[in-house]
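This briefing covers a ligand site, selected residues and some backbone angles. The sequence and model come first, and the notes follow.

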Amino acid sequence: MTFKRTLLASVFAFAPAAVFAADLTIGFSQIGSESGWRAAETTVTKQEAEKRGIDLKFADAQQKQENQIKAIRSFIAQGVDAILIAPVVATGWDEVLEEAADAEIPVVLLDRTVDADKSLYLTAVTSDLVHEGKVAGEWLASEMNGADCRIVELQGTTGSSPAIDRKAGFEQGIAGHDNLQIVRSQTGDFTRAQGKVVMESFLKAEGAGNICALYAHNDDMAVGAIQAIKEAGLKPGEDIKIVAIDAVPDAHKAIADGEMNATIELTPNMAGPALDALEKFLADGTAPEKWIQTESKLFTSADDNLAIFNEKKDLGY
Ligand code: AHR
C-alpha cells in the first residue's frame, strides 16, 4: 500500500499507458438526490460522460456513507479506470481511499471535500465553500445597513463539508456587525421538506415577527422555508429576508417573485473539469492541481431572474 500511495502522492511516477476517453470506465459514487442541485449534478455528469464516450458506472448512495463505501469497493473490484466521489460527509474516508490507491485507481472528489490526506486523491473539483457563506453574510450585512436583525440559519447535512464551511463563512461575513445575531441554527439536511419543518419550528420558537432574516445553506431548504413563512402569514423576502446558495431555477423564480432576496451560484458541472483532468492524467500522467475551483456568483433582485429561470429550468435541476 505504502508504495502505491507514495506513487499517487508523488503525482505521479505513475506512467499510465495512453488511454483514450472512449476506452474509459469510470465509477461515480453520488450522494443521492436530496436537492435540485444534486439532481442537476447527476444529469450533467452523465451527459459529460456520454459526450466523451466514457462508460460511467453510477451508484446512488441514498445519503448513506456506508453505501458510498460499498459502491467504491465494488468499483475497485471491477477494475474501473477512475472513481468520482461526491462525499456525503467529510470524515471516514481514509481506509477506502487507501484501497483505491492500492489498486492504483485515481479518485476525484466532486463538490465536497474530505478530511483525508491529499495524497489519497488526485484532485477535488469544488467551489470555495467558505467564500460562499462569506458572500451571503456580507450581502446581508450590507442589506441591513446597521439595522438590528435576528437571523435563523438552516444548515446542510451535519458533518458535510458545505455545512461546516458555509456556516464558518457566514459567521466571517457578519463578523464585526453587532446588529446581526444568529438566534437559531439547525440542520435541514439540504432538503426542501426539512427546510420547511425546521423553519416552522424556528417561527414557533421565536414568534413570527421576531425573525428578520433566513440564511439557508442551500436553495432547496430556503424554498421549503418560504412555504412555512407564507403559512405563518408572513411575506418571505419582505418580512423575512432570505439568502441561500446554489442558484437553482426555483430560487431565481422566487427572487423574481420577490419571495427570496439572494442566492450564490454553485455550478452543477463539476464533472466537466473532473473528466478533463482525469483524461489528461490517464493519457500521459499530467497531474492536475489538488484543487480545481469552480466560480461562485451572487444573484440578487438586480438580476433578470425570470430570464435566468427560463434558461436554467430544463437543465436537469
Ligand atoms: O455539496 C453541494 C451541496 O450539496 C449543494 O449546495 C446542495 O444543494 C447539495 O445537496
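The side chains of Arg52 and Glu48 make a polar contact at 2.9 Å; a polar contact is a pair of N or O atoms within 3.5 Å, and within protein one must be able to donate a hydrogen and the other to accept it, while residues adjacent in sequence count only if both atoms are side-chain atoms. The model is predicted, so local features need pLDDT of at least 70 and side-chain atom pairs count only at pLDDT 80 or more, whereas totals for chains, interfaces and linings use all residues. Residues are numbered from 1 along each chain as its sequence is written, and side-chain values use heavy atoms, with hydrogens and water left out.

**Arg52 and its helix**

- Arg52 belongs to helix α2; helices (H or I, at least four residues) and strands (E, at least two) are DSSP runs, numbered from the N terminus.
- Arg52 has a relative accessibility of 16% and counts as buried; buried means under 20% relative accessible area, exposed over 50%, and partly exposed in between (1.4 Å probe, protein chains only).
- Helix α2 spans 36–52 and, like α6 (161–174), supplies at least two residues of the shell around the ligand.

**Ligand site**

- Which residues surround the ligand? They are Glu34, Ser35, Trp37, Arg38, Asp111, Arg112, Pro162, Arg166, Phe190, Asn218, Asp246 and Leu266; a residue is near a molecule or strand if one of its heavy atoms lies within 4 Å of it.
- By class, this shell holds six charged, four nonpolar and two polar residues. Ala, Val, Leu, Ile, Met, Phe, Trp, Tyr, Cys and Pro count as nonpolar, Asp, Glu, Lys and Arg as charged, and the others, Gly among them, as polar.
- A polar side-chain atom of Asp111 is 2.7 Å from an oxygen atom of the ligand.
- For Arg38, a polar side-chain atom lies 2.9 Å from an oxygen atom of the ligand.
- In the side chain of Ser35, an N or O atom is 3.0 Å from an oxygen atom of the ligand.
- The ligand taken alone exposes 280 Å², and the protein buries 100% of that. Accessible areas come from the Shrake-Rupley method with a 1.4 Å probe; for residues, only the protein chains shown count as cover.
- The largest cavity is the space taken by the ligand. On a 1 Å grid over the protein atoms alone, a cavity is a set of points where a 1.4 Å probe fits but cannot get out. A molecule sits in a cavity if more than half of its atoms lie within 2 Å of its grid points.

**Asp111**

- Asp111 is located in the loop between β4 and β5 (123–126).
- Is Asp111 buried or exposed? Asp111 is buried, at a relative accessible area of 5%.
- Its side chain makes a polar contact of 2.9 Å with the side chain of Arg38, and both Asp111 and Arg38 are in the shell around the ligand.

**Positive phi angles**

- Most residues other than glycine have a negative phi.
- Glu104 has a positive phi, near 60°. Glu104 sits in the loop between α4 (94–102) and β4 (107–110) and is partly exposed, with a relative accessible area of 31%.
- Asp189 also has a positive phi, near 55°. The loop between β7 (180–187) and α7 (192–206) contains Asp189, which is partly exposed at 32% relative accessible area.

**Other loop positions**

- Ala247 is in the loop between β9 (241–246) and α9 (249–256). Ala247 is buried, with a relative accessible area of 0%.
- Val88 is in the loop between β3 (82–85) and α4, and at 4% relative accessibility it counts as buried.
- Val88 and Ser29 are 59 residues apart in sequence, and their C-alpha atoms are 9.9 Å apart.

**Exposed and partly exposed positions**

- Glu95 lies in helix α4 and is exposed, with a relative accessible area of 57%.
- From C-alpha to C-alpha, Glu95 and Ala116 are 9.6 Å apart in space, and they are 21 residues apart in sequence.
- Lys297 is part of strand β12 (residues 296–300) and counts as partly exposed at 38% relative accessibility.
- Lys297 and Gly159 are 138 residues apart along the chain, and 25 Å separates their C-alpha atoms.

Terms used: 1 Å grid on protein atoms, 1.4 Å probe; cavity = no way out; pocket = protein on both sides within 12 Å on 5 of 7 lines; lining within 4 Å.
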